[in-house]
Amino acid sequence: MSNVTAKQLSEVIGVSIEKLLDQLISAGVKVSDADDLISDDDKMKLLESLRSSHGKEESSGPRKITLRRKSKSEIRVSGVSGRNTTTKTINVEVRKKRTYVRRSELEAEAAAAAGQQLDETVQEETVVDQVESAEQQAQAVTAKAQIDEQEETKKAEQVAADEAKIKAEKETAEAEQKAYQKSLQEAEAAKQVLEKQQAEEVAAAVAAQAAKLALEQAARASAVVEEKPGKHGKRGDDKSTRYGRKELHVKEGGHQTSRKPKFKKGQRQVRNTENLHAFEKPTAPVVRNVEVPEAISVADLAQKMAVKAGDVIKTLMQMGTMATINQVLDQDTAILVVEEMGHIVSATINEDDFEKELVENVAQEGAERVGRPPVVTIMGHVDHGKTSLLDYIRKSRVASGEAGGITQHIGAYHVTTNKGIVTFLDTPGHAAFSAMRARGAQATDIVVLVVAADDGVMPQTKEAIEHARAAEVPMVVAINKIDKENADPERVKNELAALEVIPEDWGGENIFVNVSAMTGEGIDDLLDAIILQSEVLELKAVDTGNAKGIVVEASLDRGRGPVATVLVQSGQLAKGQILLAGTQYGRVRSMYDESAKMIKTAGPSMPVVVVGLSGVPNAGDEVFVVENERKAREFAQIREAKIRETKLAEQQKAKLQGMFDAMTEGEVAEVNVLIKSDVQGSSEAIRDALNKLSTDEVRVKLIATGVGGINESDINLAAASAAVVVGFNVRADAAAKRVAGDYGVDIRYYSVIYNIIDDIKAAMSGLLTPETRETIIGLAEVKDVFRSPRYGDVAGSIVVEGVVRKGQPIRVLRENVVIYEGELESLRRFKDAVEEVRMGTECGIAVKNYNDVRAGDQIEVFERIEVARSLE
């Protein structure tokens, strides 16, 4: 071990530097300062000196003896808990410790030190120091023993103090109990005195009132006696009765007791209720402050004004409006009714206040905004290679998994490329999915417009451009399929330029990239264009706090329940948070990414699949994280009530409009359809596509639309309304199939949406009234007219065109003007009745119910053919 300074050694052994220097000097080590070096030999000298000074070399047996004693006892303490007295037992443990030190060894050490001092005069100072050290040690031992005795004394005193405190608390509790009992007795006595005083006051008041009434009755009786004379003369001062006898005056408070009036059985007992308390009608009308929402029923409006619904209906009738108690009034009409009935319309209820509260709950003022990945939507016409292009970027095979090779759902993918992280939304290109494309454009930052180089601009291409412009989103045009022989990118540029989509090399603002989803040509250029466009946009979002997003797609899973694909726009969405999506809410039980891998958090621009909502939300609904489930339920109920009120108002208008339409148009054929699909977006697309098929003669009536498998209740509803059940990527369970077989309900399964449209269009075409067409089959010229006693005038004619058949409708033409239209009654060749006569043959024709045929007229024979119609 290397040499150390005296200061370092003191820090190691935990002794002050002054004491260490004294011990070193006592051990014979030459030191003068704290910075002097101490060698290993010096340390050994110090150790031997300390051992010799403490007597460890010659000691045998213990130098001190410590005795410990412990005793336990119990103390019972009674306390008061309410009105009950309880007894508690407290265990007390007393510990005593006493230490004895052997003084003979100290005296021996002192004698040895004295002898050594006499024998060795050279080491006199060292021996003196050792003796002093030994005395200090002895004093320390004695002081420690005294301290232990003081601690034991303190403990005993503490135990005695605790016992005294417990006893004092017990006595205080007993005193409080006695005081409480005494206060109860005093309160009871005061209560009795007060009740007695109140009873006396009530009795005095009753007696005073009775005396007052008696005086008033006597005064009224005397007034009547003075006004009405008796039968035998006027009543004078003698106060005689009507029979001439004087009145009998009875002293008040006499010995006669009041008798209880007797009533016959069934007789109504009438008591004097003059002094009883009763509610009185208000002397002035009550004016109330009434809050009026956007739509309110007559019954709810009457309840807010605290009047009868009949009064509100009467006021509406006076205003010229016929209404029922359940009819929904708009806000303007309700305000007029409230003002007409004399009430005050306060600030109307604004259902959008809670929407502001949701936004404020998510918004974080002053929070740092960081960069986020771009959200890119792939749009274009059907079969132009949108999904195949995304497949090459994702290195997957999504297009092959879609029915019919076309995309029928919005796919959300979080892709890590060599250029960075990009979130892609793949939208359908079929015409029926217009709402899906519009929803994808609203939730995106950049639109990639895919146009096939061999096909050019198509209808859905134009629609995608309109959606991108409506959402004010920049477009990157990807000209796909350039590997084909008939590819013509320049033609595509010209067609897009006609739609005001100008390439950059032509002086426009849109980036054009030639790509091939099969060979991968131009894919890197496309990703570079997307990253460049995102850098220009400077996309940033807050990645902390409550999350906000949008529902991209939603479905009902048999095992997991309602499932929603949510695109997070800001904040952090974590497992266990409370979500509000449209009219649905719930706690996030689990989250998955696009590869079905479970995750715990999701940041901005990340699509996740959320499980745990109370129902299937509508695609496109905004998603907010709220504080607790109670607030989420409240917000959902407000939204649902607003939607219900709006629907009721629309239904009321539709009823009146439908009445007028039925009066003007007559009966309209209907095709009843019940739709069940796998996801909410597909259900919406099918509903919109079928509604567009309706015409003035036949229309599609959607009985119900929903998400999930076909169950028994769906079949019962379809049977009651004679509807066809359409299942899109779903199937019916066993109970539903059994009930469908019993009722004869037609269930049809589809996986491609345009097959549904074709079949419903064919069913609607079958309900159209067939078209009647007339075809001229023959023309005969009248040469002469003969009289027949059986048929009247018979036209002798010759067939100049076609064939004349019996029983067919005819027209009589005179100078090429139709003068009669009827039926051919008889056709004869000579005297024989024939069925038809061909061109160039003479015949006799008798027209039914017509006798004004002349020579030179023409008889036109035609037939009516019914042709089935179809929807275009």
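Q: Before we start, what are the ground rules for the numbers?
A: The model is predicted, so to speak of local features we need pLDDT of at least 70, side-chain atom pairs count only at pLDDT 80 or more, and totals for chains, interfaces and linings use all residues. Residues are numbered from 1 along each chain as its sequence is written, and side-chain values use heavy atoms, with hydrogens and water left out.

Q: Which residue in S33 is opposite Val812?
A: That's Tyr820.

Q: And what's in the turn of that hairpin?
A: There are two residues between S32 and S33, and Glu815 in the turn has a positive phi of about 55 degrees. Glu815 is not a glycine.

Q: Is Glu815 buried or exposed?
A: Exposed, at 74% relative accessibility. The cut-offs are under 20% relative accessible area for buried, over 50% for exposed and partly exposed in between, with a 1.4 Å probe and protein chains only.

Q: What else does S33 pair with?
A: S33 pairs with strand S36 (residues 842-847) in the antiparallel sense over four bridges, and Leu824 stands opposite Val847 there. Two bridges also join S33 to strand S34 (residues 832-833), again antiparallel. In that hairpin Phe830 takes a positive phi near 60 degrees.

Q: Switching to rings: how many aromatic pairs are there?
A: The structure holds one. The rings of Tyr820 and Tyr850 have their centres 4.5 Å apart and their planes at 10 degrees, so the pair is stacked. For Phe, Tyr and Trp (its six-membered ring), a pair needs centres within 6.5 Å; planes under 30 degrees apart are stacked, over 60 edge-to-face and the rest tilted.

Q: Where do those two tyrosines lie?
A: Tyr820 lies in S33 and Tyr850 in the loop between S36 and strand S37 (858-867), so the pair ties together parts that are 30 residues apart in sequence. Tyr820 counts as partly exposed at 21%, while Tyr850 is buried at 12%.

Q: Which arginines lie over ring faces?
A: Arg811 lies over Phe862, at 4.0 Å from the ring centre, and Arg560 over Tyr592 at 5.4 Å. The test is NZ of Lys or CZ of Arg within 6 Å of the ring centre and within 35 degrees of the ring normal.

Note on methods: Pairing = 2+ DSSP bridges.
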